[in-house]
Amino acid sequence: MGKVQLKKLEANNERRRHFTQVYRNLLQELTPQVVVPFVRHAGVSAAHLMPVLLPAGVNRSSFMEGMKSQGIQTSLHYPPIHTFAAFRGGKEKYFLPNTEEIAVIINFPLRGITHGTKRFNSADVAEC
């Protein structure tokens, strides 16, 4: 199976790069307050993730639920490590404001800009 998938790798990467650019264009045009990190990264991305940084004050969980209700699955990018169970039960309490600030990064799907019959558009983002 791996060899078969490797033959499709470049085409799949290119398809995801295309979807990433569509997201970036839509978000910049219609929802500029949503930040797409790494836009100026000099390398060529495999575009395996489409992270976006939600504006300050936006509740990540509510936003993700709103997107889900519109038929668009999102996922948590990376939760702050100090919120993991291994760190919560100890004597030390961690205050990491910069980590908390960027904990609103979520991922949009890169399987396609459509989800079922629902076409993603950044108006969906603005509503959430």
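Reader: Why does Glu14 count as partly exposed?

Author: This is a predicted model, and the value is computed from it. Glu14 has a relative accessibility of 44%. Buried means under 20% and exposed over 50%, with partly exposed in between. So Glu14 counts as partly exposed.

Reader: What makes Glu10 partly exposed?

Author: The relative accessible area of Glu10 is 49%. The cut-off for exposed is over 50%, so Glu10 counts as partly exposed.

Reader: Why is the contact between Arg17 and Glu10 called a salt bridge?

Author: Their side chains meet at 2.6 Å, N to O. A salt bridge needs a side-chain nitrogen of Lys or Arg within 4 Å of a carboxyl oxygen of Asp or Glu, so the pair qualifies.

Reader: How do you know that Arg17 forms a salt bridge with Glu14?

Author: The closest N and O atoms of Arg17 and Glu14 are 3.2 Å apart. The limit is 4 Å, so this pair is a salt bridge too. Arg17 and Glu14 both lie in helix H1, residues 2-30. They are three residues apart, about one turn of the helix. Side chains of opposite charge can pair when their charged atoms come close.

Reader: What links Glu10, Glu14 and Arg17?

Author: A network of salt bridges links Glu10, Glu14 and Arg17. The structure holds two salt bridges.

Reader: Why are the buried residues of H2 said to line one face of the helix?

Author: The buried residues of H2, residues 60-69, are Phe63, Met64, Gly66 and Met67. Seen down the axis of H2, they fall within an arc of 160 degrees, so they line one face. The face turned away from that buried side carries the exposed residues Lys68 and Ser69.

Reader: What makes the approach of Asn59 to Ser61 a polar contact?

Author: At the start of H2, a side-chain oxygen of Asn59 reaches to within 3.0 Å of the backbone nitrogen of Ser61. Just after H2, Gly71 takes a positive phi of about 85 degrees.

Reader: How do you know that Thr74 is buried?

Author: Thr74 has 13% relative accessibility, and buried means under 20%, so Thr74 counts as buried. Thr74 lies in the loop between H2 and S2. Leaving aside neighbours within four places in sequence, Thr74 is in contact with Met64, Met67, Ile106, Asn107 and Phe108.

Reader: Why does His77 count as buried?

Author: The value for His77 is 18% relative accessibility, and the cut-off is under 20%, so His77 counts as buried. His77 is found in the loop between strand S2 (75-76) and helix H3 (85-88). The His77 side chain makes a polar contact with the side chain of Asn107, at 3.1 Å. Residues up to four places away in sequence aside, His77 touches Leu49, Pro51, Ile105, Ile106 and Asn107.

Reader: What makes S2 and S3 a pair?

Author: Two bridges join S2 to strand S3, residues 105-107. Pairing needs at least two bridges, so S2 and S3 pair. They run antiparallel. Leu76 stands opposite Ile106 in S3.

Reader: Why are S1 and S2 called edge strands?

Author: The open sheet of three strands has the order S1-S3-S2. Strand S1 (51-53) and S2 each pair on one side only.

Reader: Which residues have the most contacts inside the largest nonpolar core?

Author: They are Leu27, Met50, Val52, Phe63, Ile106 and Phe108, in a core of 16 residues. H1 and H2 each supply at least two residues of this core.

Methods
Residues are numbered from 1 along each chain as its sequence is written. This is a predicted model: local features need pLDDT of at least 70, side-chain atom pairs count only at pLDDT 80 or more; totals for chains, interfaces and linings use all residues. Side-chain values use heavy atoms; hydrogens and water are left out. Buried means under 20% relative accessible area, exposed over 50%, partly exposed in between (1.4 Å probe, protein chains only). Helices (H or I, at least four residues) and strands (E, at least two) are DSSP runs, numbered from the N terminus. The arc is that of the directions from the helix axis to the C-beta atoms. A polar contact is a pair of N or O atoms within 3.5 Å; within protein, one must be able to donate a hydrogen and the other to accept it, and residues adjacent in sequence count only if both atoms are side-chain atoms. A nonpolar core is a set of buried Ala, Val, Leu, Ile, Met, Phe, Trp, Tyr and Cys residues joined through side-chain atoms within 4.5 Å. Contact means heavy atoms within 4.5 Å.
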